[in-house]
Amino acid sequence: MAETSDTRTPAQIEADIRRRREVLAETLDEIGVRVHPKTIVGDARAKVVSNIDHTLGRAYVQANRVISDVRAQFVDEEGAPRLERVVPVAVLLVGVVGLLTVGTRRRKR
């Protein structure tokens, strides 16, 4: 803290006042920047983008986990397809596509 006794010279007092004014001017400039509408909007956008990035990152991790689980069901450790699981799924898909095709042709008539 600055000395408060009467032993300071007028030059020291003026220097203290000058320094204090500079500090206050910097503080006011900082406050002006912080409360400026563009700064507030920019901060809000940055927060939204950060939340979106976080959400997308979590979704990406979850999707990778699901894909890995599905891949593990149809591929063995060596990377070869598990025919006992692939064939029934392929037959089911062909049947569904066939039913959709037949159903679409009947509606057109």
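**View 1. Glutamate 77 and its partner arginine 82.** Let's start with glutamate 77, which counts as exposed because its relative accessibility is 74%, above the 50% cut-off. Its side chain meets that of arginine 82 in a salt bridge, at 3.9 Å from N to O. Please keep in mind that this is a predicted model. The structure holds 4 salt bridges, and the next view turns to others.

**View 2. A salt-bridge network of Arg8, Asp16 and Arg19.** These residues are linked through salt bridges into a network. Aspartate 16 pairs with arginine 8, their closest N and O atoms lying 2.4 Å apart. Aspartate 16 also pairs with arginine 19, where the closest N and O atoms are 2.1 Å apart. Both aspartate 16 and arginine 19 belong to helix 1, and a spacing of 3 residues puts them about one turn of the helix apart. Arginine 8 and aspartate 16 are buried, whereas arginine 19 is partly exposed, with 48% relative accessible area.

View 3. Isoleucine 40 sits in helix 2, the stretch of residues 37-74. Isoleucine 40 is classed as partly exposed because its relative accessible area is 46%, between the 20% and 50% limits.

**View 4. Confidence along the helices.** The mean pLDDT of the protein is 90, and 92% of the residues score at least 70. Confidence is highest in helix 1 (residues 10-34), at a mean of 95, and lowest in helix 3 (residues 83-108), at 88.

Note on methods:
Residues numbered from 1 in each chain as written. Predicted model: local features only at pLDDT ≥ 70, side-chain atom pairs only at ≥ 80, totals over all residues. Heavy atoms only, no water. Helix = DSSP H or I, 4+ residues; strand = E, 2+ residues; numbered from the N terminus. Buried < 20%, exposed > 50% of the residue type's maximum accessible area, 1.4 Å probe, protein only. pLDDT = per-residue confidence, 0-100.
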